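Have a look at the structure first, then try each task before reading on.

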Amino acid sequence: MAEEVLLFGAWGSPFSRRVEMALKLKGIQYKYFEEDITNKSPTLLKYNPIHKKIPVLVHNGKPIAESQVILEYIDETWKGHPIFPKDPYERANARFWAKFIDEKCLPVIHNALWGEEKQHENAVKEACELLKHLEDEIGEKKYFGGEAIGFVDIVANIIGFWLGIFEETSGTKLLTRVEFPKLSNWADVFVSSSGIKENLPPKDKLIAYLRTRFGTRSTDASK
Amino acid sequence: MTSLVELLTYLSVSLSSLSMAELKLLGSWPSPFSYRVIWALKLKGIPYEYIEEDLSNKSPLLLQHSPVYKKIPVLLHAGKPICESMIILEYIEEFWPQIPLLPFDPFQRAIARFWVKFADDKIPAMWIVYRSSGKEQEKAMKDTVEMLRVIEEHALGSKKFFGGEEIGMVDIAFGQIAEWLGVIEEIVGVKLLEDHTFPRLHAWILNFKEVPVIRDNLPDHHEMFVFFKRRRELLLSSSQDQ
């Protein structure tokens, strides 16, 4: 059977773009379907009945949901340009930081940018403490993955690109170059890397979209 | 060719000596996250040293090896720490592939990882039922029942275990539902997992607790009840003082 790879995504979603980054880095041909997340297609609901969210990868008719699960599947199925390290300990480390970003950082960052006014200072402090862990983790490395873009870099796309956009629309700056020189530098390198830069949504279009949809308060509900 | 043979010999010797290397588990009774790792290690027959942590007085060892979260469980393998229970399980699975806990096929593995993530995302609701009251607790109860409904309808199918005929990583991930949920229900005085509403889950719980490694490695029900009941009283009274 000829290989068929479908991706259901949304142009502004970092989670959707993660999957595209991995597919493009590995040179995998795929057919993309843009979902209107305010009016989800019956096909999407069929492929992801539990969460009803993008991204969903469909490989030869079999659907996989959840961006990090999809990335692991892609790496196990297509061996070119591996995004996971080979060593089990390094793999555990990569999984740890990816989980840290999605489960710990994102809700706290969201709170710091769009949370209640009276808790703003504490929320910003908490977000900066978390970003400091990422600052320490990137250290002197070019990428979280070392010399090449890896799993953590792709998952951190939201820090590397979308955070700047959210900071502009919310009016709160978290990732300052003064406080986070290494992480800021990583972000610069990441967004200008081949395989990534072609895969980022247009900045102005994204800012306009967030402002239209959510006013001056925005969410990362682009799933 | 000789150098390839040498390389392979070197790798197999170093990996096997690493696999025999010191393995320590920092855990805490009766944490279900701690038990996940115990179950995985025992199912695979891997010897390890267990170190009980006093969570009210965390050891320098724990703080050093879990600097971000300062939480158990932590697996120390030849001194190198791995944190987060399901990440520890993936590590154990890769290092000791005997008695596999994940399917061989990548698509089936993706399905398993989907459910592992679901477990970690949704299980906190039952702990919110445990430690809250009023509207917050009501919402958490709804969320818990919804989680159970999704598992019942979508995750088990007609299989004996989530892993098929043998238990696997998803069974371990959902293990809290088999024992800890019952304790929470007793303490709070609600029934969320009704046997007739969730027949598949009910059957799974019985099967799960009959697996010898699980049966022999569960905290004593009554001791857990006493422990969690006392802790809940402290939690609720301190939140009222605020």
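**Exercise 1.** How do the residues of the lining of the largest pocket divide into nonpolar, polar and charged?

*Solution.* Before counting, note that this is a predicted model, where local features need pLDDT of at least 70, side-chain atom pairs count only at pLDDT 80 or more, and totals for chains, interfaces and linings use all residues. Residues are numbered from 1 along each chain as its sequence is written, chains are lettered from A and ligands numbered from 1 in the order written, and side-chain values use heavy atoms, leaving out hydrogens and water.

Step 1: sort the residues. Ala, Val, Leu, Ile, Met, Phe, Trp, Tyr, Cys and Pro are nonpolar, Asp, Glu, Lys and Arg are charged, and the others, Gly among them, are polar.

Step 2: count. The lining of the largest pocket has 21 nonpolar, 5 polar and 15 charged residues.

Step 3: find the middle. Nearest the centre of this pocket lie B:Phe33, B:Lys71, B:Pro124, B:Trp127 and B:Arg131, out of 41 lining residues. (A pocket is an open set of points on a 1 Å grid over the protein atoms alone, with protein on both sides within 12 Å along at least five of seven lines; lining residues have an atom within 4 Å of a point.)

**Exercise 2.** Which residues lie closest to the centre of the largest cavity?

*Solution.* Step 1: know what to look for. A cavity is a set of grid points where a 1.4 Å probe fits but cannot get out.

Step 1: pick the cavity. The structure holds 3 cavities of 30 Å³ or more, and the largest has a volume of about 340 Å³.

Step 2: look inside. Of its 16 lining residues, A:Gln68, A:Glu72, A:Lys99, B:Val116 and B:Lys117 are closest to the centre. By class, the lining of the largest cavity has 6 nonpolar, 1 polar and 9 charged residues.

Notes
Points joined across faces, edges and corners; volume = space filled by probe spheres on them.
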